[in-house]
Amino acid sequence: MEIIGSRRKSFLSPASDAAPTIPIYRSAPELEVRLEDFELYAVHRLRVLKGISDALSRGKKPNEMENVVKELLKVHMSHPEASQVMSKDIISHFVLRLVYCREEELRKWFLSMETTLFRYRFLLETSEAQIALMAEFDLPYKIITNAEYENLKDKLNKVARSMNSSADTIYYKAPFEKVPDLVARREVFIMKGYAYVARSQVVSLLVTHYRSHLSKALILTNRKWTSMIREQEKDRLTPIVEALSTSYLGPDYSQPKDFGEISLRDIDQIARSSFPLCMRYLFEKIKEDHHLKHGGRMQLGLFLKGVGLKLDDALAFWKSEFSKKVGAERFDKEYAYGIRHNYGKEGKRTSANILLDNPCRNFEKLSREENLRAALNNMGVANRALEDVMDKVRNKHYQLACTLTFEAVHGASCDQGINHPNQYYSDSKTILESRVYYMKKNLREICRGAIRAPLPIMPKLLHFP
Amino acid sequence: MVREEAENTREDMVIDGVENGHKPNYEIPDEFNSNYLKTYYDKFFPFAEMFKWMSYGNDRKHPGCDASYFGRREFSFTLENDIYMRFQSFNKAEELEKAIKYQCPFKIDIGPVYSVDPKKRNSYAQSGDNVFRPVERELVFDIDISDYDDVRFCCKGADVCSACWPLMTVAIKIIDTALREDFGFNHILWVYSGRRGVHCWVCDGKARWLDDGQRAAIVNYLHIHKGNEHSIKKVTLVGQTFHPFMGRSAEVVKEFFEEKFVLNQNLFSDEDRYEKILEMIPDESITSELRGKWQDKKRSRDDINVVRWGQLKHLLQSGKQKMLGVRRCVEEIMFTFTYPRLDLEVSKHMNHLLKAPFCIHPKTGRVCVPFDPKHCEDFDPSSVPTLSRVSSHNLQLLEELNMRPLGSGGEINLENTSLGESYRYFKSSFLQPLLKSCKEDIENAHAAKVQQSSNSLSW
């Protein structure tokens with residue numbers, strides 16, 4: 001792996017005043033990594049990206065985002081040895097590239113979060129460091145000449161005043177496509193296809209380049225992953241990488257949690273492990289269609305409330321799904337009321353409960369569509385247990401079918417039966433939590449004993465473009 | 001069934017009439033039907049030009065041309081009884097022509113150019129990894145007069161008249177200027193949608209290659225309306241001054257609003273209407289002062305709308321009003337009423353379909369004609385050529401066909417029909433310059449490629 005000398009030095013040398021403190025991850029570094037750090041660093045960076053994703057879905061404003069990112073970096077990306085901070089940053093980024101390169105949806109999420117992270121890290125830098133970073137990017141755009149500036153001064157100042165900001169005197173000229181965010185907010189002067197980007201807005205240009213580089217790199221990494229790495233590393237890294245992505249929204253046990261509350265970022269994981277089939281069905285339906293009919297909204301909404309999703313998070317969850325289909329505006333107008341209603345914030349009712357007119361009726365719905373087998377299989381119900389459940393369904397004993405499903409999924413008996421979706425959930429959680437404790441303990445011991453020796457894996461493995 | 005047969009017989013007679021050169025002395029039945037459409041596709045529809053356009057210069061023998069280009073474009077047909085045929089694709093002009101003449105679609109839509117032939121999309125779907133995806137698409141805009149229903153009082157829904165159509169003119173002027181001056185596009189086609197609006201096709205290479213994010217950016221740049229149908233004031237303008245684009249648009253909006261729209265729509269003539277406007281003013285004392293003035297109906301020699309708009313402006317912008325928000329309100333009112341209202345989703349995504357020019361609108365029988373945005377004030381939707389007679393002053397293509405002199409043969413020269421003007425504009429003002437620049441683009445790209453490979457050979 002040959003890397004252009006100067007560039008590599010500049011981001012691997014210890015942080016001096018002039019050297020930029022944000023790596024731009026052009027090529028994978030030649031660093032040795034302990035296997036446990038490989039995973040640990042990735043998890044830490046994932047927490048940062050999750051934090052960003054959460055903040056965005058809560059609609060944090062740009063100035064608030066700066067603080068969010070600053071705080072997340074401080075909490076998760078520090079390292080006891082100052083000299084290792086940069087290595088940790090770089091290693092964690094490249095590990096997550098491997099984890100997130102493998103599917104379109106994963107790539108999209110990673111790209112968007114890493115780009116956001118980069119944007120706010122850049123804005124947090126001193127202007128000297130910013131200039132150094134810009135030099136490193138080596139953008140193909142020129143600063144406009146004095147004559148050109150004088151010519152356009154009026155218009156440029158107008159744009160600045162229209163944003164109530166002070167006027168700049170240094171402008172870069174770039175095709176308008178390179179600064180879509182500025183164009184969208186009408187924060188830049190454009191003429192004949194060129195945008196005149198003020199020095200203070202240059203982060204937009206860098207972000208575009210950073211994003212397009214990373215996007216291409218992820219595609220190439222994916223190719224390498226499928227053609228080589230997955231097979232070569234099948235005994236060592238592949239299991240780690242695959243586990244990292246499936247637990248990617250996993251609950252964060254290290255954070256203190258109020259009893260009986262769940263956070264938005266855990267919801268996918270919890271749905272997979274502890275939702276009864278009827279709610280899983282609705283949950284997957286909304287993820288797929290970004291829409292649910294009134295009855296479905298009511299059922300899932302009240303269920304989630306019972307599970308411990310707070311009103312703000314519930315609104316954020318429904319909005320993020322629905323706005324993909326009907327747009328944020330229509331959501332606010334037509335659907336937000338119903339969500340608040342579920343929480344007793346609208347209308348007469350102070351609290352509402354799931355109507356149990358026909359419990360577990362989604363069994364019926366699914367069986368009609370002949371999807372029940374697949375859905376159960378998906379939950380891990382197979383063979384004998386699957387046939388037992390199907391038998392109950394055929395005889396229209398939906399609640400018994402639900403109970404049997406619970407037992408098959410959890411490998412534990414449930415003598416009192418399942419009578420309510422929220423009961424299914426809380427029983428499931430009780431079982432899983434006791435189990436996680438033991439698993440974590442075991443795992444820690446295995447790791448300690450078995451794979452402690454440092455392994456020179458980076459240079460061999462990470463031939464990233 | 002009986003009725004259909006009756007129409008068929010009459011239709012046959014028309015065709016006979018043409019072929020025998022008899023001058024028909026009977027009326028063509030007014031209603032739109034598929035037999036008329038067949039004749040239209042047979043005699044009028046400009047297949048050759050549509051193919052040229054959609055090929056973007058790739059239909060030549062030059063080594064830089066991409067022979068698969070046209071074949072990867074999606075066409076979609078809507079047949080009678082709302083049967084949709086999506087993902088149609090054709091390799092040659094003749095195939096397209098044959099299919100349209102055979103299917104006789106009520107509507108032809110044009111979609112994006114895909115990475116692979118859209119007909120074979122299913123065989124690629126199995127391979128996963130998103131092989132079948134849109135790679136190129138004109139930047140398109142769709143503006144419908146029905147989106148202005150809360151600010152026009154002459155018509156509702158799909159209806160349009162000479163009092164509200166000028167809203168379209170304003171939209172065309174503002175959007176067209178921004179596309180050319182700001183974004184630097186040159187090859188822009190405006191088409192009447194056949195009933196209640198206009199479509200815009202931006203065909204520059206740079207526009208066709210935009211990704212969805214960049215399309216959304218352009219749309220947001222042009223889009224200023226916020227809020228929903230319940231909020232009265234839809235535009236909020238902030239900042240000490242206007243962005244140059246907004247400043248330029250404000251001039252167009254102001255001229256139109258003050259000189260035409262206030263009068264056309266009688267905006268201040270009765271309480272219902274002016275109350276709507278007063279609600280947009282944030283200052284209670286001003287609204288009650290104006291309300292007081294307007295309640296007693298003093299006779300005036302000047303138009304009541306003009307007088308009241310003048311009073312409102314004077315109060316809001318007089319020296320006393322220091323608050324920018326209050327002064328801005330005048331512009332906000334004008335923008336709310338007359339600034340272009342775009343169908344955002346159509347423009348944001350590459351894979352949206354848009355009706356092809358030169359289709360016939362099945363409800364109005366009007367041809368979706370291209371027109372010159374430089375003279376958009378002169379465009380009158382009610383005088384657009386129609387397939388069959390809609391009203392006495394409409395031009396009727398079928399009648400023209402029947403009126404042709406004896407022995408003029410099977411082919412009709414579009415230039416000599418009432419479609420002539422639109423056709424000539426499409427061909428010489430849009431298509432010719434477009435193909436010229438496509439040719440240059442292809443040749444330059446090819447030359448660069450050759451240069452590059454010869455460089456690497458010399459290593």
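Student: How many bridges join β5(B) to β7(B)?

Tutor: Six bridges join them, and the two strands run antiparallel. Strands here are DSSP E runs of at least two residues and helices are H or I runs of at least four, numbered from the N terminus. Two strands pair if DSSP finds at least two bridges between them. This is a predicted model, where local features need pLDDT of at least 70, side-chain atom pairs count only at pLDDT 80 or more, and totals for chains, interfaces and linings use all residues. Residues are numbered from 1 along each chain as its sequence is written, while chains are lettered from A and ligands numbered from 1 in the order in which they are written.

Student: Thanks! Which residue is the bridge partner of D142(B) in β7(B)?

Tutor: That is H199(B).

Student: And what is on the β6 side of chain B?

Tutor: Strand β6 (residues 188-192) of chain B is joined to β7 (residues 197-202) of chain B by five bridges, again antiparallel. W190(B) stands opposite C200(B), and L189(B) has W201(B) as its bridge partner. β6(B) and β7(B) make a hairpin with four residues between them, and G194(B) in the turn has a positive phi of about 100°.

Student: What is the strand order of the whole sheet?

Tutor: It is an open sheet of four strands in chain B, ordered β5-β7-β6-β9, with antiparallel pairing. β5 (139-144) and β9 (370-371) of chain B are at the edges with a single partner strand each, so one side of each has no neighbour in the sheet.

Student: Which helix packs on it?

Tutor: α6(B) does, touching β5, β6 and β7 of chain B. Its direction makes about 10° with that of β7(B); axes are lines fitted to C-alpha atoms, for helices over the stretch in contact, and angles run from 0 to 180 degrees between N-to-C directions. Residues are in contact if their C-beta atoms, placed from the backbone, lie within 7 Å.

Student: Is β7(B) buried or exposed?

Tutor: Six of its six residues are buried, so β7(B) is largely enclosed by the rest of the structure. Buried means 20 or more other C-beta atoms within 10 Å of a residue's own, exposed 12 or fewer, and partly exposed in between, with C-beta atoms placed from the backbone. G197(B), H199(B) and W201(B) point one way, and V198(B), C200(B) and V202(B) the other way.

Student: Switching topic: how many residues does each chain put into the contact between A and B?

Tutor: Chain B gives 21 residues and chain A gives 21. On the chain B side, α6 (166-182), α8 (212-222) and α9 (244-264) each supply at least two.

Student: Now chain A. At what angle do α2 and α4 pack?

Tutor: Helix α2 (residues 35-57) and helix α4 (residues 85-100) of chain A pack at about 85°, with axes 8 Å apart. That makes α2(A) roughly perpendicular to α4(A), a label for 65 to 115 degrees, where under 35 is roughly parallel, over 145 roughly antiparallel and the rest oblique.

Student: Which residues make that contact?

Tutor: Among them are F38(A), Y41(A) and L46(A) of α2(A), along with I91(A), V95(A) and V99(A) of α4(A).

Student: And what about chain A overall, how many helices and strands are there?

Tutor: There are 20 helices and four strands. Of the 465 residues of chain A, 30% count as buried.

Methods: Contact = placed C-beta atoms within 7 Å.
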